[in-house]
Amino acid sequence: MLKFGPRRLRDRIALIVLLHLGMMVALIVAFTRTGDGPVYRLPDPANVALIVAAFERTPPTSHKDLTRAFSDANRRVAEIARLPDIGRESVTPATIARYRDALGGRPFRIEIIGGERSIDLEQPIPLSTHLIRVSVALPDGRAVTIEQKALAPAARIFGNLLLFVAAIGAVDLLVVLWLASQTTRPVERLARAVREDRLETLSPKGPREIIELSGAFQQLRRQLRELIDERTRMLAAIAHDYRTYLTRLELRGEFIEDAEQRRLASKDIEEMRDLLSDTLTFARESVAHDMQHARSDLRQELAEIAAERRARGEDVAIDAIPRPLFVKASHTAIQRMLANLLDNAMRYGGGRAFVRVHTDGRVVHILVEDEGPGVPAESLERLIEPFERLEPSRARKTGGVGLGLSIVQALAHRYQGELRIENRRKGGFRAILCLHLASEHRTRT
């Protein structure tokens, strides 16, 4: 059902109820005929008999008082000179029989002024926009007429059906939106907490199923966190042991007599140590921690990076920031993220890199661009995946183990930021690091 309808649960619930409301209105219109003016109903035979009996038992001089006594806002009783003649019966035989029994054989007439439909008293008391008049003969030849309107609220409803339906629809819509919101808001909170990885702060509310689902997500998160922590501990232990063996190999390499072979062996060991450091960093930074108080001045961080790159003789242009700009990230994280992005730009961007910064009032966007050949569009998403590189070798001189952008993404997510990558329209590659603004009174972590 609703296969091609709205995707959100709230919209689907609202659509179902609105469809139901539309069908209800259609049924009301189909089974109820309304028009302008008052709404009349057929007087009850027993009440008619009581009114006629009262007129018969009182002298004619008191009949005017009786008409005033029996008349009210919903019923009009009058005395006429004689029983009216009608060309045809306006009611069904069953209705005539009911009146004949109640009136004890008194002559009577039932008129529907301007109506074409016959009324059947065996059905529920009908409502009509045409005047329904019951006349009963008195012993002296005169007659009593009774015209009965619907109750005032019913008359207003049937006399203003469109307004009535519109009011019901408006109230129904407000109730539907409120009920749908009460049902779907817990789902939205849960989805946001899962997306932002903050299930531990979620207070489950709503239907029982939503509370159970929240508990299942929290349990799954704990299990995943335990697995990741265990992986980190295992990699740390492996890294420690590997470094021990690398140190031994480095010491033994000193005994190589050939100077060139000794230099190459030392270079290989250093590259192995760098690759191992990248892998361990990625594993450690994938574990989320409470970093709510981490603050850094981006202007100062970029100044340090610019000075370091100039000292290396690299062509890196960094736009100046006129005043302190605090972001939610630690000093170590910012330095590592920007170092990886600049290394990537220098390696593949033709030896030049550009850094620009702008903010939208809530988020700081750090753009690292180069003038290289760019990346095929179908391969952009792969670049952020761990150990994924467009060049398949793992040599440091061609790009390393493929963890640079993955480490940037892991660190950005750690501070509720993100990393986006794209090709520049005029050629080249662009990495956009997005970090949240922080309060300026906090010190750098």
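This section describes the overall composition of a predicted model and then several of its helices, strands and single residues. Local features rest on a pLDDT of at least 70 and side-chain atom pairs count only at pLDDT 80 or more, whereas totals for chains, interfaces and linings use all residues. Residues are numbered from 1 along each chain as its sequence is written, and side-chain values use heavy atoms, with hydrogens and water left out.

The secondary structure of the protein comprises 11 helices and 13 strands; helices (H or I, at least four residues) and strands (E, at least two) are DSSP runs, numbered from the N terminus. Of the 445 residues in the protein, 35% are buried, where buried means under 20% relative accessible area, exposed over 50%, and partly exposed in between (1.4 Å probe, protein chains only). A contact requires heavy atoms within 4.5 Å. Among contacts between residues at least 6 apart in sequence, 67% join residues at least 24 apart.

Helices α2 (residues 45-57) and α4 (residues 93-103) pack at an angle of about 35°, and their axes are 9 Å apart. The axes are lines fitted to C-alpha atoms, for helices over the stretch in contact, and angles run from 0 to 180 degrees between N-to-C directions. The crossing of α2 and α4 is right-handed, a term used if the near helix is turned clockwise from the far one by less than a right angle. From α2, the residues P45, A46, V48 and A49 meet R98, Y99, A102 and L103 of α4.

Helix α3 (residues 63-70) contains H63. The buried residues of this helix are H63, L66 and T67. Seen down the axis of α3, these buried residues fall within an arc of 100°, so they line one face of the helix; the arc is that of the directions from the helix axis to the C-beta atoms. K64, R68 and A69 are exposed on the other side of α3. The cover over the buried residues of α3 includes α2 and β2 (75-80). H63 counts as buried because its relative accessibility is 3%. Apart from neighbours within four places in sequence, H63 is in contact with F55, T58, E79 and L138.

I146 is placed in strand β6 (residues 143-148) and is buried, with a relative accessible area of 2%. When residues up to four places away in sequence are not counted, I146 touches P43, V48, I51, R75, R76, V77, I132, R133 and V134. I146 and E79 are 67 residues apart in sequence, and their C-alpha atoms are 9.0 Å apart in space.

Helix α9 (residues 298-312) has 15 residues and reaches 21 Å from its first C-alpha to its last, close to the 21 Å expected at 1.5 Å a residue. The expected span is 1.5 Å times one less than the number of residues. L298, E301, L302, I305, A306 and R309 are buried in α9. These residues fall within an arc of 135° when seen down the axis of α9, so they line one face of the helix. The face turned away from this buried side carries the exposed residues R310 and A311. Among the elements covering the buried residues of α9 are β7 (296-297), β8 (315-318), β9 (326-327), α10 (331-348), β10 (352-359) and β11 (363-370). At the start of α9, a side-chain oxygen of D297 comes to within 3.1 Å of the backbone nitrogen of R299. Just after α9, G313 has a positive phi of about 80°.

In helix α10, the end C-alpha atoms are 26 Å apart, which agrees with the 26 Å that its 18 residues should span at 1.5 Å a residue. The buried residues of α10 include A333, I334, Q335, M337, L338, N340, L341, L342, N344, A345 and M346. G350, which follows α10, has a positive phi near 80°.

E369 lies in strand β11 and is buried, with a relative accessible area of 4%. The side chains of E369 and R356 make a polar contact at 2.8 Å; such a contact is a pair of N or O atoms within 3.5 Å, of which, within protein, one must be able to donate a hydrogen and the other to accept it, and residues adjacent in sequence count only if both atoms are side-chain atoms. Residues touched by E369, not counting those up to four places away in sequence, are A345, R352, A353, F354, R356, R424, F429 and R430. P373 is found in the loop between β11 and α11 (404-414) and counts as exposed, at 78% relative accessibility. P373 and G428 are 55 residues apart in sequence and 5.3 Å apart in space, C-alpha to C-alpha.
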